[in-house]
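Please write a brief report on this model.

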Amino acid sequence: MTSPTIEYGLIAPLLVLLGGAVCAVLVEALVPRTRRFGVQFGLAVIAQLIALTLVCAGWSVTPGVAVMGGLSIDGPTRIVWSLLLVFGLGATLLYGERRVSGGTSAFAAQAHTVPGSRAEHEAIAARQENTEVFVLLELSLFGMLVFPAANDLLTMFVALEILSLPLYVMCSLARRRRLLSQEAALKYFLLGAMSSALFLFGAALLYGFSGSFQFADIDAGITLGIESQTLLMAGLALTSIGVLFKIGAVPFHSWVPDVYTGAPTPVTAFMAVCTKLAAFGGLLRLLFVALGGARWDWQLVLAVIAVLTMVFGAVVGLAQNDVKRLLAYSSIAHAGFILVAVVGAMAGDALGEGLTGSVSGVMFYLAGYGLATMGAFAVLTMVRRSGGEATGFDAWAGLGRREPVLGAIMTLFLLSMAGIPLTGGFVGKLVAFVAGWQGGYAWLVVVAIVMSLVTAGFYFRLVKIMYFDEPDASVDVVKAGTPTWVVIIVGAVGTLVLGLAPGSVLDLFTSAAGFLR
Amino acid sequence: MTLLETLTPVAATGSLSIAWLLIAIPLAVAGILLVVGRAGDAWGHLLGAAAPVAAFVIALVEFVELLGAPPAERAVSVPVYTWAETADRTIEISLLVDPLSILFALLVTGVGSLIFIYSIGYMVEDPKRRRFFAFLNIFLGAMLTLVLADNYIMLFIGWEGVGLASYLLIGFWQERTSAALAAKKAFLTNKVGDLGLLCASFAMFALFGSVSFADVNAAAPDMSHGWATALGLLLLLAACGKSAQVPLQVWLLDAMEGPTPVSALIHAATMVTAGVYLVVRSQAIFTLSDEAALAVAVVGLCSIFAGAWIGCAKDDIKKVLAGSTMSQIGYMMLAAGLGPAGVAFAIFHLLTHGMFKANMFLGAGAVMHGMGDDTDMRHFGALAKGMPWVFGTFAMGYLAIIGCPFFAGYYSKDHIINAAFGRGPVFGWLAIVGAAITAFYMTRLMMMTFFGPSRHLPGVHPHRPGPVMVIPLVILAIGSIIGGLVLNGWIQGWLSDAIGAEVEPVHIFETSAIAWITLLAVACGIVLGVLIYRRPIAQETPVSRNFFVNAGRNELYANAFNEAVFMRPGQRLCDGLELTDRYVVDGAVNGGVTLAKGASGLLRLLQNGYVRTYGALMTCGAVIVGAVMILGRLA
């Protein structure tokens with residue numbers, strides 16, 4: 001038995017983030033309650049900033065497999081890590097915002113108190129703050145970083161659990177409408193457990209097929225043409241379902257609307273962007289690296305799922321009258337659009353100069369989607385009625401006229417999500433659909449374009465409501481603190497930059513799109 | 001034979017690389033003026049008038065730099081912004097500064113500066129003066145985009161921009177129904193022409209895979225004769241719309257509803273000549289198709305006479321000048337349709353016309369200003385004494401437009417007539433007749449406005465304009481006098497240095513038979529005008545039975561024709577479509593929406609909030625995934 005080796009240099013960002021989380025646990029125990037929120041917030045931001053710096057510095061280091069073949073630190077990993085840490089910082093800022101709700105965070109004062117009980121009232125009266133969310137955020141983010149880098153099925157499963165469990169807890173922590181929040185968390189947990197079970201079962205079957213959890217061995221097994229195709233297909237189906245659940249693809253999407261609505265808005269923003277990023281990163285690695293040889297099997301299945309996802313997200317989104325729920329359905333539709341690029345399964349370098357492959361298509365789309373979505377959720381936290389968030393369409397009437405700057409920025413986010421040119425969303429759709437088209441799925445691209453027109457219908461409906469309907473006097477647009485504005489402005493500027501000068505980012509993504517086994 | 005604009009542009013250096021500022025400054029100023037709101041009322045006009053001056057200085061510096069450059073390096077490409085870069089296609093925005101576009105830039109910013117300054121005085125009492133200057137700057141930015149574009153799409157953006165600015169400015173006094181309607185009419189008529197430009201751009205992209213001037217010119221010789229004719233006619237349609245040439249001339253007279261500086265800048269000196277610019281820019285296409293070039297020349301001739309006819313009949317001083325603009329642009333079109341022999345003269349006439357027509361329009365504005373905004377010449381008379389400075393400067397414009405020897409128009413028009421004889425005697429003779437009529441109606445205008453007894457309406461006391469209006473008039477008058485002399489010997493060389501074509505010799509005073517005949521014809525026109533309009537003139541327009549007079553007064557019945565042929569059938573078509581829309585299309589759409597909403601409602605049933613349903617759905621999903629996989633294997 002050889003002693004394990006660990007490449008500390010390659011996985012330094014992971015260690016920093018985990019170290020930050022551990023320190024945060026100590027902070028919980030040692031720092032006085034009154035100062036804890038600020039310390040936790042600062043610690044989380046600093047830990048992520050250091051990790052982000054390390055990732056950026058690591059771009060020039062030769063890719064390599066680390067921790068005894070458990071993690072693969074290659075180009076796609078670095079892309080996902082960079083994006084995850086950027087958006088993780090954004091979510092952290094939203095977590096730390098206390099000005100919008102009159103000096104309290106968006107989280108329950110004491111999570112263990114029964115909603116409506118005297119203990120809860122006491123906790124609120126004592127102005128207690130839940131600071132454990134920062135620990136949970138860092139732990140979940142750590143899982144998200146490991147997930148797309150995992151190079152074998154077991155690491156992948158463990159990462160899936162690490163990223164999921166804190167999420168379940170965070171979903172239950174809303175300060176207002178706590179029952180809804182707790183119900184959402186329970187649903188998410190139950191369905192998440194089911195999908196984890198499916199993934200684990202699939203992993204076992206793939207082990208049965210190839211005799212190894214290593215992606216490279218599974219790929220070798222497929223290439224060699226091992227007889228037991230049933231095991232391969234069942235394993236492929238079940239592991240994919242496990243990841244597709246996290247992505248929110250139809251028919252594994254049922255949790256998305258309920259959980260997005262019930263969870264505190266900063267958590268929703270974190271889930272909508274970061275979970276999706278990590279899950280797509282993991283899906284790409286699973287399908288391209290481990291199961292690339294069986295692409296004729298999964299391409300068709302994913303195409304069908306993509307169609308279902310796009311149609312469901314777009315059509316049901318039309319009937320929504322609540323902004324938070326609308327964003328939930330829109331995130332389902334976006335998952336479908338991104339799957340188009342995955343289905344294409346084109347490697348960038350195989351296409352020649354100037355064309356981007358599936359990996360950079362997916363990543364660019366996610367970058368544009370993440371900027372607009374996180375920004376939109378940040379705006380969402382500012383529209384309030386008697387203290388709580390007002391998410392109904394009626395509350396948003398006339399917002400663009402009352403708050404021209406905020407209205408214009410929100411319109412920009414919506415235009416980007418609708419895929420209007422000169423925004424990041426447009427370029428993202430373009431590169432994603434081109435990847436699907438190049439992969440021979442022209443019909444799928446046609447469906448995607450039609451469905452993006454349908455989604456434009458509900459985004460424009462919100463724009464219309466914001467500008468042409470009479471304002472509701474009972475709704476306040478509260479003053480937000482710096483953290484929220486940083487998220488909004490970075491989102492707006494990023495959306496424009498990705499739309500106006502996508503070249504350098506696309507080049508970077510395309511040049512780093514090669515997987516390492 | 002090498003042609004205009006077949007030079008491959010070289011990369012920009014030095015001051016040329018800041019050419020984008022020409023466009024950016026006016027647009028930025030327009031943005032500032034519109035955004036600051038009333039806070040800028042006190043200084044908005046000054047900032048607004050500073051923009052063209054700054055742009056003019058930049059244009060002048062670049063012009064000097066081009067003068068110093070060797071002829072082969074006078075076409076300069078100025079990259080501004082790369083939007084997307086891929087292996088087989090780069091989408092890039094860049095400007096083209098070459099001998100042609102820099103002349104235009106100088107004209108637009110130079111004449112523009114004077115007119116902007118004049119407007120400070122002209123609009124002094126208007127509460128919306130700041131907005132007026134914002135719109136003027138939008139126009140300036142768009143016009144410079146148009147002339148500095150290096151491809152047809154960017155040209156089109158500028159083309160639409162000037163159309164928008166023209167719309168905003170014609171309808172500037174939107175509280176007047178007539179102004180609002182005139183603006184709408186100009187916009188709609190222009191759209192017909194814009195269709196031609198769009199279709200031409202699409203066709204070029206399909207044929208050559210590019211819409212940049214350099215690529216189109218390089219690839220043009222390989223295209224079929226039919227395509228060349230089609231492209232030429234489409235571009236001509238566009239030019240007709242923007243330059244108010246027959247048959248899309250109807251909007252120009254109504255456009256005089258706008259403030260007079262607008263008429264001077266946009267509807268006389270610069271925007272309306274954009275059509276000529278387009279035809280000259282696209283010479284590579286027109287030389288390939290004789291038919292298209294002939295069509296240009298014929299349109300030019302028709303417009304010469306249509307404009308002159310209207311100019312003879314109208315009593316409104318601005319409309320007479322508008323008719324004369326149409327007619328003079330007709331000369332430019334004629335020249336542009338004569339092929340390489342005429343192109344340089346088209347631009348020459350365009351430049352001199354820009355000066356003397358702006359001069360006269362501003363003069364007319366000064367007259368109106370002094371006469372209580374009256375434009376009817378039957379109420380003028382005897383103003384030579386009342387407004388000596390205006391009269392003096394206007395007279396210089398008059399002498400220039402009729403082609404009095406040594407004045408600006410003399411040289412440019414004479415060259416065009418000469419070149420027209422080169423195409424065929426019919427063209428030449430008609431051009432001479434046109435010159436005679438021009439002399440007649442301009443003499444009529446002078447007689448009715450400045451000479452004879454006073455016919456002023458009671459209560460009107462002509463007052464003299466202030467220096468801020470007179471100084472631009474004087475500068476433009478000087479341009480009207482010496483502009484021709486200065487440019488005469490030089491412009492052919494400037495435009496052809498780059499092209500290596502032969503320069504025809506020119507003289508200070510032409511002594512050929514054609515030149516003498518032209519002078520004689522002009523003299524006849526003047527004498528006839530003086531003799532007729534020396535007689536007393538009624539204050540009211542007398543009823544006439546003469547067909548020619550009535551046709552001229554009614555703008556050749558073009559409006560009636562358009563109403564009968566396009567508007568009424570169009571309205572009926574709309575009515576029919578509306579019914580179809582209401583009962584057939586709406587029915588289908590509403591049905592579709594109901595269907596989608598129904599589907600949406602059904603799908604929402606699945607979203608019932610019960611985890612057990614969700615779990616079941618996931619299980620079903622897993623089964624579906626398995627089934628699709630198995631089906632995929634079987635297929």
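## Chain A overall

Among contacts in chain A of this predicted model between residues at least 6 apart in sequence, 81% join residues at least 24 apart. Contact here means heavy atoms within 4.5 Å. Chain A has 20 helices and 5 strands. Helices (H or I, at least four residues) and strands (E, at least two) are DSSP runs, numbered from the N terminus. Of the 517 residues of chain A, 64% count as buried. Buried means under 20% relative accessible area, exposed over 50%, and partly exposed in between, with a 1.4 Å probe and protein chains only.

## Chain B and confidence

Chain B comprises 25 helices and 3 strands. It has 635 residues, of which 56% are buried. For its contacts between residues at least 6 apart in sequence, 81% link residues at least 24 apart.

The model's scores are ipTM 0.87 and pTM 0.68. Chain B has an average pLDDT of 86, and 96% of its residues score at least 70. pLDDT is the predictor's confidence in each residue, from 0 to 100. Residues 1–5 of chain B stay under 50, and the model has 15 contacts for them beyond four places in sequence. Where pLDDT is low, the predicted coordinates should not be read in detail.

## Conventions

Residues are numbered from 1 along each chain as its sequence is written, while chains are lettered from A and ligands numbered from 1 in the order in which they are written. In this predicted model, local features need pLDDT of at least 70, side-chain atom pairs count only at pLDDT 80 or more, and totals for chains, interfaces and linings use all residues; side-chain values use heavy atoms, with hydrogens and water left out.

## Helix packing in chain A

Helix α7 (residues 178–210) of chain A and helix α9 (residues 229–247) of chain A have axes that come within 7 Å and cross at roughly 150°. α7(A) is therefore roughly antiparallel to α9(A). Axes are lines fitted to C-alpha atoms, for helices over the stretch in contact, and angles run from 0 to 180 degrees between N-to-C directions. Angles under 35 degrees count as roughly parallel, over 145 as roughly antiparallel, 65 to 115 as roughly perpendicular and the rest as oblique. The crossing of α7(A) past α9(A) is left-handed: the near helix is turned anticlockwise from the far one by less than a right angle, whereas clockwise would be right-handed. The contact of α7(A) with α9(A) involves 17 nonpolar, 7 polar and 1 charged residues. Ala, Val, Leu, Ile, Met, Phe, Trp, Tyr, Cys and Pro count as nonpolar, Asp, Glu, Lys and Arg as charged, and the others, Gly among them, as polar.

Helix α11 (residues 265–290) of chain A meets helix α8 (residues 215–224) of chain A; their axes come within 8 Å and cross at roughly 45°. The two are therefore oblique to each other. Among the contact residues are Phe215(A) and Ile218(A) of α8(A) and Leu286(A) and Val289(A) of α11(A). This contact of α8(A) with α11(A) has 6 nonpolar, no polar and 2 charged residues. Helix α5 (residues 132–149) of chain A also packs on α11(A), with axes within 7 Å and a crossing of roughly 25°. α5(A) is thus roughly parallel to α11(A). Its residues in the contact include Leu137(A), Met144(A) and Phe147(A), and those of α11(A) include Phe270(A) and Arg285(A). By class, the α5(A) contact with α11(A) holds 10 nonpolar, 4 polar and 1 charged residues.

## Local sites in chain B

Helix α11 (residues 274–281) of chain B is mostly covered, with 8 of its 8 residues buried. Tyr277(B) and Arg281(B) are among the buried residues.

Ser212(B) sits in the loop between α6 (177–208) and α7 (213–219) of chain B. Ser212(B) is buried, at 15% relative accessible area. Leaving out residues up to four places away in sequence, Ser212(B) touches Asp150(B) and Asn151(B). Asp215(B) belongs to helix α7 of chain B and is partly exposed, at 39%.

## Backbone exceptions

Most residues other than glycine have a negative phi, and most peptide bonds are trans. A cis peptide bond joins Val250(A) to Pro251(A), with omega about 5°. Pro251(A) is in the loop between α9 and α10 (255–262) of chain A. In chain B, Val246(B) and Pro247(B) are joined by a cis peptide bond, with omega about 5°.

Met68(A) is not a glycine, yet its phi is positive, about 55°. Met68(A) is partly exposed, at 45%. Ala382(B), also not a glycine, has a positive phi of about 65°.
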